[in-house]
Amino acid sequence: MSFAGGAARLGLLALLGFAVAPSAQADTIFVSNEKSNTVSVVDGGKMQVVATIKVGRRPRGITFNEDMTQIYVCVGDDNRIDVIDVATQKVVDRLPSGPDPELFVLDPKGHLLYVANEDDNMVSVVDTDAKKIVGEIQVGVEPEGMGISPDGKFLVNTSETTNMAHFIDTGSHQIIDNVLVDARPRVARFTGDGKFVWVSSEVGGTVSIIDTASRKVVHKISFAVQGVPREAIQPVGIQITSDGQRAFVALGPANRVAEIDAKTFEVKRYHLVGQRVWNLALSPDEKRLYTTNGVSNDMSVMDLERGRVVKSVSVGGAPWGVIVKP
Amino acid sequence: MRIASFLIVAGVLLVGTPAWGADPMVIRIGYLTRAEEPRIPQTFLEPVSEDEGVQGARLAIADNNTTGRFLNQRFELVEATVPEDGRVEDAVRDLADQGVRLLVADLRHDALLAAAAAPEARDMLVFNTRAPDDDLRNERCRANLLHVTPSRRMLADALSQYLVSRKWMNWLLVVGRTPEDAAYADAIRAAAKRYRAKIVEEKRWTFEDANRRVDTGHVTVQSEILTFTQGAEHDVLVVADEADGFGEYLLYQTWLPRPVAGTHGLVPTAWSRVNEQWGATQLHSRFERQAGRWMRPRDYTAWIAVRAVGEAATRTKSADPAALAAFVHGPDFALPAFKGQGLTFRDWDGQLRQPVLLAGPRVLVSVSPQAGFLHQFSELDTLGDDRPESRCRSR
């Protein structure tokens with residue numbers, strides 16, 4: 001499932017409507033490796049790297065296009081987006097992105113990429129057909145997380161130093177509201193029904209649940225892991241199951257993934273994974289969770305039916321983003 | 001006597017960004033420094049800059065305003081420079097007259113104490129962004145003073161944890177001629193004691209300071225240092241030369257092939273250009289666009305002080321200096337500052353808890369506290385004066 005949410009999920013749900021859900025064993029997982037300038041391709045059945053794709057410098061944000069035939073990768077140090085052809089596993093094109101792209105999200109219709117330009121207090125709107133920047137939206141200091149509502153009407157961008165979630169109307173490209181959250185917000189993710197946005201605060205150590213309609217923080221999730229210093233609990237990646245029942249939050253240098261009841265917001269368990277866990281992806285059948293572990297250079301595979309980590313797969317240097325294709 | 005002070009109109013720094021709504025809340029922050037001869041680095045690779053410190057404060061004002069326009073808060077910096085022979089108390093009064101209650105003090109030890117003791121400073125919150133002196137956090141601590149810059153003791157502890165974790169236990173200590181160098185050496189000695197390292201020998205640098213630009217100057221340096229560094233067997237040479245008078249010359253010139261650490265070589269510091277972790281890339285890039293040079297530790301601490309006020313204003317949605325000061329002192333304050341965790345102030349001495357970088361000349365070597373140095377409350381409190389050791393009584 002797309003790291004940045006919406007589009008791939010919708011595409012996937014459409015697929016599932018026509019076909020029997022493929023098993024996790026048939027997954028292909030793509031991991032962006034920030035340090036080695038590559039994307040690792042992992043076979044979900046063999047649970048090992050089967051190919052390595054060379055991309056531009058400092059690949060981080062990664063997402064599929066609408067029909068999952070292509071992958072977009074933010075290569076921040078080259079100030080552009082690389083386009084990978086999924087079939088040939090090669091970079092076949094590039095898109096402009098504005099300076100230092102880190103994270104982005106594809107609109108559900110699949111034609112616009114909203115890119116956070118971390119260096120420029122700006123969100124760039126990239127037309128993927130025309131391969132042009134068609135809009136720029138001024139936001140807070142160090143824009144980072146990008147989430148889009150399932151209907152594509154609202155974009156949420158987080159800014160790391162301003163500590164806000166900016167709600168942007170995708171029709172007018174105007175900010176309609178700014179919601180203050182805890183320090184250094186990273187990831188913004190809408191629930192499947194679009195009613196809430198979950199925002200992780202890395203330094204604040206919390207996840208804020210924002211009501212989309214009122215744009216108020218309705219709940220704040222805190223974490224505590226025995227034996228782990230409070231400062232080491234740094235929430236980043238978020239995944240929510242499509243039925244809205246379970247959520248998973250990566251806790252960075254706490255080396256844990258928190259499993260949360262997404263209805264009551266109660267933290268049910270902490271799963272030990274690799275070091276400095278950044279981002280998460282659910283397998284399309286939601287039986288597995290994949291994590292990128294930035295310091296231990298591996299990906300943990302969690303079996304969600306058995307409720308435990310079943311495998312660590314070595315990938316490239318400093319794995320960052322992860323997406324899964326059935 | 002005329003004290004130069006002027007108001008940076010916030011809008012000028014925000015070219016191209018939308019304006020505030022009607023009647024924004026105004027938060028005015030003072031920046032006080034004293035005119036002095038610019039520091040001349042030994043290396044020619046580093047520029048001689050006359051705006052260290054204030055550039056960090058200006059950048060933080062711009063950052064605060066980017067956030068502030070969403071909340072209709074406007075931040076202004078009132079910059080004041082006291083002449084070399086001027087009285088800082090007068091500048092504090094002048095700033096107070098301009099409505100300043102939150103003050104960034106880019107001052108050395110004595111001037112800082114004078115500023116904080118001025119009658120008008122009683123109602124101010126003063127951020128020490130420059131003076132590393134340990135007595136300011138202990139015997140001479142003050143309730144209205146917060147220390148953003150790490151104390152010498154924190155720097156020495158940060159370096160020592162690394163040396164000890166490498167099992168480099170025997171140190172040759174080389175100390176320059178200034179009182180600051182002596183204070184740095186005191187901190188190194190205390191850290192050696194704390195971590196059970198041994199200072200096998202101490203040497204005072206007594207050569208005359210020379211102009212850095214001398215033809216075939218290296219010939220003299222090469223012969224001087226070779227003989228100067230002869231002495232007891234050691235694992236590492238620790239140098240105390242805060243004024244950057246000679247420390248740079250020690251590298252590769254020593255009698256024994258040993259690494260150099262302290263004020264030169266491997267340097268414990270609040271900030272360095274070599275740090276690109278935890279999003280620091282963006283801070284460097286904004287700063288370099290604005291200042292046209294690298295960000296120095298004084299710029300970084302001034303940035304933190306102004307951002308601390310900004311963070312307080314964002315969270316409290318207030319412009320009242322007393323409310324902002326209370327928030328900064330309070331339990332909900334934690335400032336992200338590109339070091340991987342929120343930074344907070346110690347309630348026993350007003351010192352900012354922070355990881356200390358161990359910077360090599362070209363890359364980041366490590367960051368302290370080192371793994372394994374544990375603490376019952378915060379591992380950051382393994383650096384500097386911990387609560388039970390503090391001699392601060394007036395907070």
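Residues are numbered from 1 along each chain as its sequence is written, while chains are lettered from A and ligands numbered from 1 in the order in which they are written. Because the model is predicted, local features need pLDDT of at least 70 and side-chain atom pairs count only at pLDDT 80 or more, whereas totals for chains, interfaces and linings use all residues.

**Stop one: the two chains.** Show chains A and B together. Their contact takes 19 residues from chain A and 15 residues from chain B (two residues are in contact if their C-beta atoms, placed from the backbone, lie within 7 Å). On the chain A side you will find six nonpolar, seven polar and six charged residues (Ala, Val, Leu, Ile, Met, Phe, Trp, Tyr, Cys and Pro count as nonpolar, Asp, Glu, Lys and Arg as charged, and the others, Gly among them, as polar).

**Stop two: the domains of chain B.** Colour 4-150 + 272-352 as domain 1 and 153-269 as domain 2 of chain B; such bounds come from an automatic or database domain assignment. The centres of these two domains of chain B, taken over C-alpha atoms, are separated by 31 Å. Where they touch, ten residues of domain 1 of chain B meet nine residues of domain 2 of chain B. The domain 1 side there has four nonpolar, three polar and three charged residues.

**Stop three: a helix contact.** Finally, select B:Val88, B:Glu89 and B:Val92 in H2(B), which meet B:Ala111, B:Ala114 and B:Ala115 in H3(B). By class, this contact has five nonpolar, no polar and one charged residues. Helices here are DSSP runs (H or I, at least four residues), numbered from the N terminus.

Notes
Helix = DSSP H or I, 4+ residues; strand = E, 2+ residues; numbered from the N terminus.
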